[in-house]
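Thank you all for coming.

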Amino acid sequence: MTSLDASLDVADKHVTVAGLGVSGISAARALAGLGASVTVVDGGSGEPHKERAAALEADGISVRLGDAETLPEGTSLVVTSPGWKPSSPLFAAAAEAGVDVIGDVELAWLLRGPDAAPWLAITGTNGKTTTTQMLASILRAAGLRTAAVGNIGTPIIDVVLEGDDAYDVLAVELSSYQLHWAPSLRAHSAAVLNLAPDHLDWHGSMEAYAADKGRIYEGNQIACVYNTADKATEDLVVEADVEEGCRAIGFTLGTPGPSELGVVEGLLVDRAFVENRQKSAQELAEVADINPPAPHNIANALAAAALARAYGVQPSAVREGLRAFRPDAHRIAHVEDVAGVAYVDDSKATNTHAAQASLAAYESIVWIAGGLAKGATFDELVQKSAKRLRGVVLIGADRALIAEALARHAPDVPVVDLERTDTGAMSAAVREAARLAQPGDTVLMAPACASMDMFVNYNKRGEAFADAVRDLAAETP
């Protein structure tokens with residue numbers, strides 16, 4: 001993929017940056033600051049693109065809009081934003097010209113100094129952001145200078161360029177896209193939280209998707225953290241080429257074995273980073289310290305704790321960090337109780353794996369689902385969740401796929417199929433859900449689909465749900 005090494009020197013070279021988003025802009029500015037002649041290319045040409053282009057051009061960076069396929073003449077390196085597919089014509093042109101293509105994470109890694117902060121890296125189909133934020137909270141509780149970076153927060157290139165002495169350690173969330181374009185990355189320790197079909201249109205196959213996720217373990221120094229409930233994550237550890245002495249560390253919602261973290265009688269315990277892991281365990285925190293204490297979130301906390309312990313963090317900091325952590329909006333967030341029914345916003349559940357974890361957290365559910373399926377199928381999700389469903393309200397472009405799975409595997413569950421795909425459909429969905437719900441139920445908006453058929457992003461979808469719930473509450477005696 002690339003023949004570059006850690007001696008990357010871009011001064012006086014022509015570098016093309018693919019993409020005018022946050023990471024592309026960060027990469028362009030960083031490269032220009034290092035003396036490169038930079039051209040940013042993007043297929044868009046709307047007003048937002050023109051505004052961003054003007055800002056870069058004011059700093060002497062060239063921008064080409066409306067053409068994402070042609071390689072600028074004289075290019076010696078391409079730095080791509082994460083979302084660009086490997087099959088993009090621009091990269092085919094680069095390959096034909098013998099020009100390397102790397103991602104923003106790879107660029108950041110190559111620009112690190114010799115004494116740069118080590119990376120504790122996290123990936124997985126779901127839970128990456130929450131786990132990374134939990135880890136950062138634990139590291140801060142330990143008195144360490146850290147930041148949650150990568151696929152969240154501040155662009156990782158900006159953080160790296162702050163200098164080697166700016167941070168002690170970084171909590172780094174990495175998507176499969178970013179890992180695909182980061183062959184040189186070598187983390188202190190890393191975790192793959194779970195693996196389920198996602199972004200297969202980008203990767204081409206589940207095997208390719210898993211392989212890109214598995215890159216996060218390559219060259220790990222201390223610990224490869226995996227999910228004992230998801231054998232595919234352990235398989236990636238087995239296949240990884242790591243440094244001598246690096247350990248495989250499992251996490252489980254059950255009682256942990258040696259070299260694992262798990263749960264015993266409401267306590268998070270460590271049997272990996274203790275002196276006698278065959279016979280002893282270290283209490284780290286209580287399940288009650290986790291917000292919210294849903295099963296998948298307990299798993300996230302265990303993975304974060306494992307990475308922190310791999311870095312040498314004391315048990316007390318794990319407890320303090322988990323207690324201090326507050327999840328982002330639209331992640332299994334309780335909105336309000338109305339007439340004895342809880343309304344929960346998990347708009348971030350944009351695929352079936354995330355929705356399944358969300359549905360597993362409640363006993364009796366009226367489920368609001370639908371949107372863009374991204375090639376997903378829903379039979380397994382419905383089969384595993386059918387016994388929890390009081391009713392289902394379907395919205396969005398691909399709702400028929402979920403309706404068909406419900407007809408096959410949960411034929412007795414009432415289903416409301418809303419044909420509307422305008423943003424106002426969310427208010428109708430909430431009202432239909434309220435009609436189906438009984439006191440003690442949870443109305444759960446965990447769509448299992450992307451949002452872009454009806455909303456700008458999952459945040460806007462979640463806000464629409466919360467607004468509709470508050471309107472319902474205002475009208476309910």
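Let me begin with aspartate 346, which is buried yet has no salt bridge, since the nearest side chain of opposite charge, arginine 331, is 6.9 Å away. Buried here means under 20% relative accessible area, with a 1.4 Å probe and protein chains only, and a salt bridge is a side-chain nitrogen of Lys or Arg within 4 Å of a carboxyl oxygen of Asp or Glu. Please keep in mind that this is a predicted model, in which local features need pLDDT of at least 70 and side-chain atom pairs count only at pLDDT 80 or more, while totals for chains, interfaces and linings use all residues. Residues are numbered from 1 along each chain as its sequence is written, and side-chain values use heavy atoms, with hydrogens and water left out.

What does the side chain of aspartate 346 reach at 3.0 Å? That is the backbone nitrogen of isoleucine 332, and there is also a polar contact, at 2.9 Å, between the side chains of aspartate 346 and serine 358. A polar contact is a pair of N or O atoms within 3.5 Å; within protein, one must be able to donate a hydrogen and the other to accept it, and residues adjacent in sequence count only if both atoms are side-chain atoms.

Turning to the cysteines, the structure holds zero disulfides, a disulfide being a pair of cysteine sulfur atoms within 2.5 Å. Cysteine 246 has its closest cysteine sulfur in cysteine 224, and at 3.8 Å the two are too far apart for a bond. Cysteine 224 is buried, with a relative accessible area of 2%, and cysteine 246 is buried as well, at 16%.

Terms used. Buried means under 20% relative accessible area, exposed over 50%, partly exposed in between (1.4 Å probe, protein chains only). Lys and Arg count as positive and Asp and Glu as negative; His and the chain ends are not counted.
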